[in-house]
Amino acid sequence: MFTRRGFLQTLGGSFASFAALGSYAFAIEPLARLNIARYHLTPPGWTPGLKLRVVALADLHACEPWMSARRIASICAQANDLGGDITVLLGDYASGMNLVTRYVHSSEWSKALATLKAPLGVHAIMGNHDWWEDRTAQKNGGGETFGHRALADVGIPVHSNRAIRMEKDGYVFWLAGLEDQLALLPGKKWGRRSLTGLDDLDGTLAQVNDSAPVILLAHEPDIFPQVPARVALTLSGHTHGGQVRFAGLAPVVPSRFGDRYAYGHIVDDDRNLIVSGGLGCSVAPIRFGVPPEIVVVDLG
């Protein structure tokens, strides 16, 4: 028979298990873990002989105690040790939640990011929270955010609907960066009825004037169905892999496509997308099954 004592023991064990899981999700995974997610691919149309290692950091969401300037600097040091030819930053440097002990100023997180080094440079795009946390940018309906200025001040270029031609070992490729797809919030005070993006995919790719492969940086992966096969690889963040994943699935993903573009390497019609699980937290300081990660992509 299932006795009262046995019931209480089972109930106590369940509470202990839930407490342990909660402690892990709240304190250990978001604060103490850091994975290296590695991918190796040769996309269709990739130039034979071009070997390129891309190191990508996404969704820092700088705030204390979860993502302090010191922790960002430590992550950057580990990123530098991965031997990337080029380092890319995929947006969302600003905090995306209120459960913090202190917000980290843009002058602090940008100074930490300035320690990143790569032979072909460090290149950035903006994310939705970089726009949403800047009231002046919201009022202006565009222009620059404090994130744009902070990165520019430490010598990191931000690619806002811009493509640049790059070269490694005599081989050419293009790096293209989109402005954010959810940049402007709706509201009467802004005179907007819905979320408005500032991305211009066609205008950005129109700047590519030869047949060399293109790497596209797009904070949200939702743009991917519109990305032409001309683009060798799209790199995104934003989703945090769902931030909580069970058995490889996330119950909540900030994407209109649900779990389809939530995390990892996705191939659609021979087009390649890699979505980073990111580094910080948004909405709530919880991660489970999606540890903070640095992405390394070996191309060629």
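The structure is a predicted model. An unreviewed UniProt entry lists residues 52–241 as "domain: Calcineurin-like phosphoesterase".

- Strands of a sheet pair through backbone hydrogen bonds, and the pairing is either parallel or antiparallel.
- The bridge partner of L217 in β10 is L235.

**Strand β4 and its partners**

- Strand β2 (residues 52–57) runs parallel to β4, and four bridges join them. Here V54 has I86 of β4 as its bridge partner.
- Strand β6 (residues 122–124) also runs parallel to β4, and is joined to β4 by three bridges. In β6, V122 is the bridge partner of T87.
- Both faces of β4 are covered. On one side I86 and V88 are buried, and on the other T87 and L89 are buried.

- Two numbers describe a pair of aromatic rings: the distance of the centres and the angle of the planes.
- The structure holds four aromatic pairs.
- In one of them, the ring centres of Y93 and W109 are 5.0 Å apart. The planes of these rings are at 20°, so the pair is stacked, as stacking here requires planes under 30 degrees apart.
- Y93 lies in the loop between β4 (86–89) and β5 (102–103), while W109 is in helix α3 (residues 106–113). The pair therefore ties together parts that are 16 residues apart in sequence.
- Y93 has a relative accessible area of 2% and is buried. W109 also counts as buried, at 2% relative accessibility. The cut-off for buried is under 20%.

**Aromatic pairs: the group around F224**

- F224 and Y261 have ring centres 5.7 Å apart and planes at 85°, so this pair is edge-to-face. That label applies to planes over 60 degrees apart.
- F224 is in the loop between β9 and β10, and Y261 is in the loop between β10 and β11. The two residues are 37 residues apart, and the pair links distant parts of the chain.
- Both F224 and Y261 are buried.
- F224, F257 and Y261 are linked into a cluster by ring pairs.
- The ring of F224 also has a charge over it: the charged end of R271 sits 4.4 Å from the ring centre.

**A loop residue: V283**

- V283 is found in the loop between β12 (271–275) and β13 (293–299).
- Is V283 buried or exposed? V283 has a relative accessible area of 67%, so V283 is exposed; the cut-off for exposed is over 50%.
- Apart from neighbours within four places in sequence, V283 is in contact with G96 and M97.
- V283 and L60 are 223 residues apart in sequence, and their C-alpha atoms are 13 Å apart in space.

Terms used: Residues are numbered from 1 along each chain as its sequence is written. This is a predicted model: local features need pLDDT of at least 70, side-chain atom pairs count only at pLDDT 80 or more; totals for chains, interfaces and linings use all residues. Side-chain values use heavy atoms; hydrogens and water are left out. UniProt positions are given in the numbering used here, feature names are shortened, and annotations may be inferred rather than shown by experiment. Two strands pair if DSSP finds at least two bridges between them. Rings of Phe, Tyr and Trp (its six-membered ring) pair if their centres lie within 6.5 Å; planes under 30 degrees apart count as stacked, over 60 as edge-to-face and the rest as tilted. Buried means under 20% relative accessible area, exposed over 50%, partly exposed in between (1.4 Å probe, protein chains only). A charge sits over a ring if NZ of Lys or CZ of Arg is within 6 Å of the ring centre and within 35 degrees of the ring normal. Contact means heavy atoms within 4.5 Å.
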